[in-house]
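Have a look at the sequence and the fold, then read on.

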Amino acid sequence: MASLAHQPAQAQPRWQTIPLAPAPGGQPAKGLPQWQRVTASDPIRPGASTPGGKQGAPIWQPLPGAVGAAKPLVWTPVAPTAEGDKPGINGSGARPGDLVPQTWNKPASANPFQSGAASQAKPMASPPTSAAEAQALLDGLKPTAADFTPQLRLGAAVPTAQQLAEQQGQVSVFQMAPLGGAKQGGGGGTGNQNYAARLDAGLTDQLQISAFYSVADDPLYAPITGKTVQPANFWESYGGALQWRLLGSNTTPWALALAGSLEGWSVGSGGCNSASCKGQNNASPNIFNNSGSRVQTTNLVGSLSLPLTWQALPSLALTFTPGVSFLPSSQGSGQGGSGPFYGTNGSVAAGASWRPIPSLTLFGSGLMPVGPGNNSFNGNLDFARVPILTAGINWALNPRIALEGQLTNGWGATPATALLALPSDNRLGYSGRFVFTPGALDTPQPAMTSRQRSLALGGLTVNTALVPPRGITELWANGDSQGNGFGYIGYSLSNSFQLDVYTGGVFNNVRPPSDLATTYASDGGWNYRYGGKAIAMSQLRGAPFSLGGRISLGRNTAPSSYQGYMFIESVSTWEANSWLALNLNPKLAWSGVSTPWGVGLGANIQLGRHLQLIPELNVVGSEINATNGTLALRWLATSSTNLEIYVSNAAGLFDIGQLLDNTNTRVGGRLLFSF
């Protein structure tokens, strides 16, 4: 029988009670329910009993079918027990063969900066008396190595035989782009991009199902020989996949799986994909024939692979994956003439993942196509077979949230297209991926004070290194005297990560004009962005200061622009005392026009119970004349509603607006809600 203290397990933790056993003679036993962490190796026997406790407390038990480490737990209350005798083992009412829990222990401290005995589990006088109390204790558990999910893929092209547990799900969104992607093919903004999302779910411990989508709509990267206008390029993929583990499991040294996908792949060449000329099929030529107009084809494609994974060491896994991708060998038939394309390709791949600590995984892989088709073409439209190489790092903030970065020459984002290199150039690129595993353990932390909840809302033009607690939604709306108007929706997926669900709005009267302003902050152009803020260390959890980072992606949809940029910022916050917090906020906007950067300096000063003064300064290193400042007063109207009024000479509160100054001072307001 496992102790009630937190212990390593191979599956995510689930909690349940041991029901009280009736005493001999049919009399019900008295006492509180006792709780234990259940794993696949902890069978639960009917009639198991517990030590005593207070009479009349509510007893909780799982619904039928909820027992098991990998199944989600649903609770229902039953009637309180009555007073009764407790004969049996140590007076507990247990019979020989019953499972009796050991001493209850508190979860380990949520402060990872404590060491030694201070962070160890401590005896607790009484166990939790309800599912809510058990959940609160579960939320306080510090994750162990077994709580982190395995590496399912070594880059997009190489699946492993590792899989999700039964009823476990995982959502990932990612982006792929060539290094220097804005320089050659006319993609503009941040260059050629391939955006993708994937959902994986464990139907059983042996069967995993997946759904995915990807889209890329930038012109070809490298100039095409003989074309005076760079051909537009469009790839859209969508479909599903199954992976069936034939042998082994996540806990055995060897595992073998069979994976297959069925996909729709829409390929467009020529014409125009930009909002300014979309639908003009003669705007650029295609690469398949000499018709001079767009070729658009929807193809049915698929893939098969047989990943074999060996857990050579507890921290090292090796994978060998033969496979085949079924792709069309031509495009353009019936649209001006057929031209060559990739064709079906067999491949062999191998890779390794090394996890020196539970939250960090380094991985690499190589895939070699063996034909008969090809997986790359150049600016002369010569097709060839090239290896796809990937090296990456996966950093898990906790078992719920992971961030992944890769260097790779791969471009395809789905199982069938993942062996393809960048269209028109075999070029090294990068990929960034966000991974969310619902239901997995979160980072434990103490409850926030009302002041810390206010700091978690951020500043105006200088950010903070706090996020609202898991499950909190944040909304705000902003307007100013020069015509700017923006809105924001955010949601905390974790105590360490806030998702920027959507930010949108318009700039107006940004003066003086500049290339950056006219491209990304043009009058009336709708701007939208998505992103997220991650917290790496926090004063709430015992660190000397809080440290985090944020990334957002989006574009200006004005017809004169339709260009995007990536905004990246690092944030440090030091809560000096109960009334003063200081913020340091380096930031940059990576775009096809230029890369402005600066450093934000800010403070939050508590003036009284309901008022805060927020002075901020953005020193723009790339253009010192664009340095700007903001002074705001925040009224904490209620625990969930705040109102700000401010004056600023920043172009706006919205990402790149923090790196542009404004000739005319803006007077504005912002209304914030959190719930």
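## Surface and overall make-up

How much accessible surface does the protein have, and what percentage of that surface belongs to carbon and sulfur atoms? The accessible surface comes to about 26900 Å², with 62% belonging to carbon and sulfur atoms; areas come from the Shrake-Rupley method with a 1.4 Å probe. This is a predicted model, where local features need pLDDT of at least 70 and side-chain atom pairs count only at pLDDT 80 or more, while totals for chains, interfaces and linings use all residues. Residues are numbered from 1 along each chain as its sequence is written, and side-chain values use heavy atoms, leaving out hydrogens and water.

The protein has 3 helices and 33 strands, taken as DSSP runs numbered from the N terminus (helices: H or I, at least four residues; strands: E, at least two). Of its 675 residues, 52% are buried, meaning under 20% relative accessible area with a 1.4 Å probe and protein chains only. Among contacts (heavy atoms within 4.5 Å) with a separation of 6 or more, 60% join residues 24 or more positions apart.

## Strands around β10

Strand β10 (residues 295-305) pairs with β9 (residues 254-269) in the antiparallel sense over 11 bridges; pairing requires at least two DSSP bridges between the strands. Asn299 in β10 is the bridge partner of Trp265.

β10 also pairs with β12 (residues 316-326), again antiparallel, over 4 bridges. There, Ser303 has Ser325 of β12 as its bridge partner.

## Enclosed spaces

The model holds 13 cavities of 30 Å³ or more. A cavity is a set of points on a 1 Å grid over the protein atoms alone where a 1.4 Å probe fits but cannot get out, and lining residues have an atom within 4 Å of a point. Grid points are joined across faces, edges and corners, and the volume is the space filled by probe spheres set on them. The largest cavity has about 500 Å³ of space. Its lining has 40 residues, with Arg153, Ala156, Ala157, Pro159 and Pro415 closest to the centre. β12 gives the most to this lining, with 5 residues.

The second largest cavity has about 350 Å³ of space. Of its 26 lining residues, Asn463, Trp476, Tyr488, Arg550 and Arg670 are closest to the centre. β22 (473-480), β24 (497-506), β25 (526-537) and β26 (546-556) each supply at least two lining residues, and β25 has the largest share, 4 residues.

Definitions and conventions. On a 1 Å grid over the protein atoms alone, a cavity is a set of points where a 1.4 Å probe fits but cannot get out, and a pocket is an open set with protein on both sides within 12 Å along at least five of seven lines; lining residues have an atom within 4 Å of a point. Buried means under 20% relative accessible area, exposed over 50%, partly exposed in between (1.4 Å probe, protein chains only).
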